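Let's take a walk through this model together, stopping at a sheet, a cavity and a couple of single residues. Keep the viewer open as you read.

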Amino acid sequence: MTHKVALTRQPSPPVNSCSLGSVSVIGFSLPQISSPSLAKCRRKQSSFSSVRACVAVEQKTRTAIIRIGTRGSPLALAQAYETRAKLQAKHPELTEDGAIHIEIIKTTGDKILSQPLADIGGKGLFTKEIDEALINGHIDIAVHSMKDVPTYLPEKTVLPCNLVREDVRDAFICLTAASLADLPAGSVVGTASLRRKSQILHKYPSLSVEENFRGNVQTRLSKLQGGKVHATLLALAGLKRLSMTENVASILSLDEMLPAVAQGAIGIACRTDDDKMANYLASLNHEETRLAVACERAFLETLDGSCRTPIAGYAAKDEEGNCYFRGLVASPDGTKVLETSRKGPYVFEDMVKMGKDAGQELLSRAGPGFFGN
């Protein structure tokens, strides 16, 4: 029986009375006419034109309390809106019009879509320009998908906050089959992820993988609908944040597809010397997520992971309250997959040690030349 899913474009979250292309005014609205400076202006000028001039001056000089930097994709914006909503829920002063400004910053990864990520620089392609804006003081905090963040952070920045993690699993999207196992031999699966490619080919060697299947969620779904590939895999977390889960044919178990390091986690960075922003971010931090991400990133750092390296890792709290970690490395063609696991106290130092130890084990087992470099 043919399994069909609806591939419909979903509207982006609402933006305050402007288009997404009008970056400088996102999140702002006209100041209220009852402000003190405008009252003073009224006393001095009686004409309507003078009042309008005072409004314009006041709007120009007004500064947001928090300027959030993000990419311009629908998913990145959804994560920025989520951050804004959580900040406003915790801090009443941030609910005022214009208190939080969302600044869209185009990154290298957004500009170059014709080449595989590994060929244009690997890690940091979706964070570099945003980090620079943070360091230069153009924004106050940076909202990132944690799986895009390199294991090193730029000088003068710190990443003290992770929001509550979403579902870490991958979703199978297809118009004709309900799962990878149901795809006929020779079917093409589109993905830009070597992690997904290697695990797909390891379990389903009869399938083919289109490697440079890049673009935002909407772009990739459009390519699928246009027949460029037979199926694709997307992070379930992103689909949930975009309210697009109706496109999911099935969800892959962790045994079938171990997720990317930090998949489903949002990280928020600020400058190291900005205590005000650090305090705001401390109020949002979900410590269980932060520790799990730290464990996974320690594993990735030990392996010196890049976009040329198929690596997967996942840490979570088990029923006993301990940390259970699973890690994987694979050859790019999927012919060889090495896995390991660890269990220990759900404590930062122990979890970072577990991640490093697991990475060292797989490095030793893989040996020179395993990744084909």
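Predicted model: local features only at pLDDT ≥ 70, side-chain atom pairs only at ≥ 80, totals over all residues.

Residues are numbered from 1 along each chain as its sequence is written, and side-chain values use heavy atoms, with hydrogens and water left out.

Let's start with the sheet. It's an open one of 3 strands, ordered β11-β12-β13 with antiparallel pairing. At its edges sit β11 (311–317) and β13 (337–344), each of which pairs on one side only. Neighbouring strands here are turned by 10° against each other on average, direction ignored. Strands are DSSP runs of E with at least two residues, helices are runs of H or I with at least four, and both are numbered from the N terminus; two strands pair if DSSP finds at least two bridges between them. Strand β12 (residues 323–330) and β13 share 8 bridges, and Leu 328 has Glu 339 in β13 as its bridge partner.

Two helices lie across these strands. Helix α6 (residues 194–203) lies across β11, β12 and β13, at about 95° to β11, whereas helix α11 (residues 348–366) lies across β12 and β13, at about 155° to β13. Those angles run from 0 to 180 degrees between N-to-C directions, with axes fitted to C-alpha atoms, for helices over the stretch in contact; contact means heavy atoms within 4.5 Å.

Now look at Thr 302, which is in helix α10 (residues 287–302). Leaving aside neighbours within four places in sequence, Thr 302 is in contact with Lys 356, Gly 359, Gln 360 and Leu 363. Thr 302 counts as buried because its relative accessible area is 18%, and buried means under 20%, with exposed over 50% and partly exposed in between (1.4 Å probe, protein chains only).

Ala 76, in helix α3 (residues 74–90), is buried too, at 8% relative accessibility. Not counting residues up to four places away in sequence, Ala 76 touches Thr 70 and Arg 71. Its C-alpha atom is 9.2 Å from that of Gly 238, 162 residues apart along the chain.

Last stop: which strand gives the largest share of the lining of the largest cavity? That's β4 (residues 157–162), with 3 residues.
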